[in-house]
Amino acid sequence: MVDFMGRKKLPIGIEDFAEFQLNSFYYVDKTGMIKELLDNWGKVNLFTRPRRFGKSLNMSMLKYFFERGTETGLFKGLAIEKDTELCKKYMGQYPVISISLKTVHGEDFESAKKELAFILGMEALRFRFLLDSERLNEDDRRLYRQLIDSDSSGQEMFAMSRITMTTSLKILSVLLQKHYNRKVIILIDEYDVPLAKANEKGYYRQMIDIIRNMFDAALKSNFSLEFAVLTGCLRVSKESIFTGLNNLKMYTLLDAECDEWFGFTDEEVRTLLDYYDLSQYYELTKEWYDGYKIGQANVYNPWDVINWCNQLLTNPDKIPKRYWANSSGNTEIRKFIRRMGDGVTKAQMERLVSGGTVQKKIEEQLTYDSVYDSIDHMWILLFATGYLTQSETPAGNLVRLTIPNTEVRYIFSDLILKLFEEEAAKDGDAVKRFCEALKDGEVSGVQQVFDEFLGKTISIRDTAVKKEFKENFFHGILLGILGFKSDWSVESNRESGTGYFDISVEIEDEEIGIIIEVKYAENGDFDAACKEALDQINEHNYTAELKEDDIQTILKYGIACYKKQCRVVLERE
């Protein structure tokens, strides 16, 4: 159990701004976004950011700031409170319609339509006082009831017709303006989730028609609209969903305006670590979770930083984990890596995983039904979803892309290794030859077949990427090969003697034990790397566990790897 010793709690998975403020959660102050948003005024504002970068929390913050009846004390002590004139003019002055479409992910169109109707109906229910409003007439009330009524049997809530669904936001804004005599602010979080899911499940055309018509009514010709803010991952092509919407102001990953309000800046991360007495983990935090460039701002992944700090407070000996990677299925990158067949893309992947960059033309307007149509579109998708980031200021729409940090580099590595395993499984003869040579102590055979396998996957180059990552990659290739020997007991990164071996193999029926230590041969110095590997095995007595199991024949392998080549040395014990 975490002992916060009177300090604020860490907000794991909390997206409601009021909950932060009322329940003493640590809040990284992003209220400066309010002023910049108003200063850069746009009638309809769209922010595109990767998942888990604070979109929903910022939308909640906007809702609580502008909405009539909100407790203004929620902003006490925050940056926006210092601008007294702005707060006087805008805080708590507007009716606000706020919806999130992140839960519209039905397996079929009818299910998704019901989910959308539920979201719209629940938001409409927040304004049930409209039924008693003296400023509304009976026709107005009839329109409102269409948003909240169930079907005639009472079994289905919010049984909206298609036309009611697509006009619901406009109807609600018109009624709210009549009641308050004030134009309405509309907030739509994760606007593109229904489109992504619809594309995946095969009802994209039906869903995009509903979303397009809804946005046309609410955002294009709605005289009751003060302004609107939308968030999502992709800027869906204007021709696809924002047809005729000439009042759209974009804040993409390449734009400098409002660039620091999603993600944590370096100063914000240092302050957070200091607050919880975790400053000694700054460099490790930066290596794993920093590296994103949005506009001109360099930011960390906030989901990662919060979860990492929470883990450290529970156990200071924890090593970094892939929190962001584990929060989704990583579908985008999986599909990309499966398309890594042509030589050019494979070479580019080698540069990226090794810490280099590739230059790509980034057109930020796509449609979800075309994102996997070409490898060029998939590069754009990886950039938009946070698997890649810009490494320097773009030259027009030519952007130099790079993997942002260690966490994402391991995502690429793991999926590349998974693809390697699938390919290796097709070549059972090579697996058999490798394992036989390994068991029999035939160094030349082990080296030859392993070189063949290395030629089938990407190479890791001599770059700034840490040696530990390079060694883990080659380690993973070996495990992928050995994993096909179901009758062998294969262990990895287990404690034995006074350290942790890379790989240990026991072949019980033949009483053979194998210890393998993998090293990256810096600058191609295979001899030094092999010697280092064997020295480590001997110095830390990695064979201790094998001896305890009465293994009669023990083979100690030092394997050095560099790009697509290896060197193998053997000692017997």
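On a 1 Å grid over the protein atoms alone, a pocket is an open set of points with protein on both sides within 12 Å along at least five of seven lines, a cavity is a set of points where a 1.4 Å probe fits but cannot get out, and lining residues have an atom within 4 Å of a point. Grid points are joined across faces, edges and corners, and a volume is the space filled by probe spheres set on the points. The structure examined here is a predicted model, in which local features need pLDDT of at least 70 and side-chain atom pairs count only at pLDDT 80 or more, while totals for chains, interfaces and linings use all residues. Residues are numbered from 1 along each chain as its sequence is written, and side-chain values use heavy atoms, with hydrogens and water left out.

The largest pocket holds about 1300 Å³ of space. Its lining comprises 49 residues, and Arg-51, Arg-52, Lys-55, Glu-190 and Cys-233 are the closest to the centre. At least two lining residues each come from helix H3 (55-66), helix H8 (193-201), helix H12 (302-314) and helix H13 (331-338); helices (H or I, at least four residues) and strands (E, at least two) are DSSP runs, numbered from the N terminus. H8 provides the largest share, 5 residues. Sorted by class, this lining has 24 nonpolar, 13 polar and 12 charged residues, where Ala, Val, Leu, Ile, Met, Phe, Trp, Tyr, Cys and Pro count as nonpolar, Asp, Glu, Lys and Arg as charged, and the others, Gly among them, as polar.

Two or more lining residues are given by each of helix H11 (282-289), helix H16 (406-425), helix H19 (467-482) and strand E18 (512-520). Here H19 makes the largest contribution, with 8 residues. The class count for the second largest pocket is 14 nonpolar, 8 polar and 11 charged.

An open sheet of 3 strands is arranged in the order E10-E13-E12 with antiparallel pairing; two strands pair if DSSP finds at least two bridges between them. Strands E10 (358-361) and E12 (389-390) form the edges, each pairing on one side only. E10 is joined to the antiparallel strand E13 (residues 398-402) by 4 bridges, and Lys-360 has Val-399 of E13 as its bridge partner. Helix H14 (residues 343-353) lies across E10 and E13 at about 120° to E10, whereas helix H15 (residues 375-384) lies across E10, E12 and E13 at about 105° to E10. For these values, contact means heavy atoms within 4.5 Å, and axes are lines fitted to C-alpha atoms, for helices over the stretch in contact, with angles running from 0 to 180 degrees between N-to-C directions.

Helix H5 (residues 109-125) packs against helix H6 (residues 138-148) at an angle of about 130°, with axes 8 Å apart. H5 is therefore oblique to H6, since angles under 35 degrees count as roughly parallel, over 145 as roughly antiparallel, 65 to 115 as roughly perpendicular and the rest as oblique. Gly-121, Ala-124 and Leu-125 of H5 meet Tyr-144, Leu-147 and Ile-148 of H6. These contact residues divide into 5 nonpolar, 1 polar and no charged.
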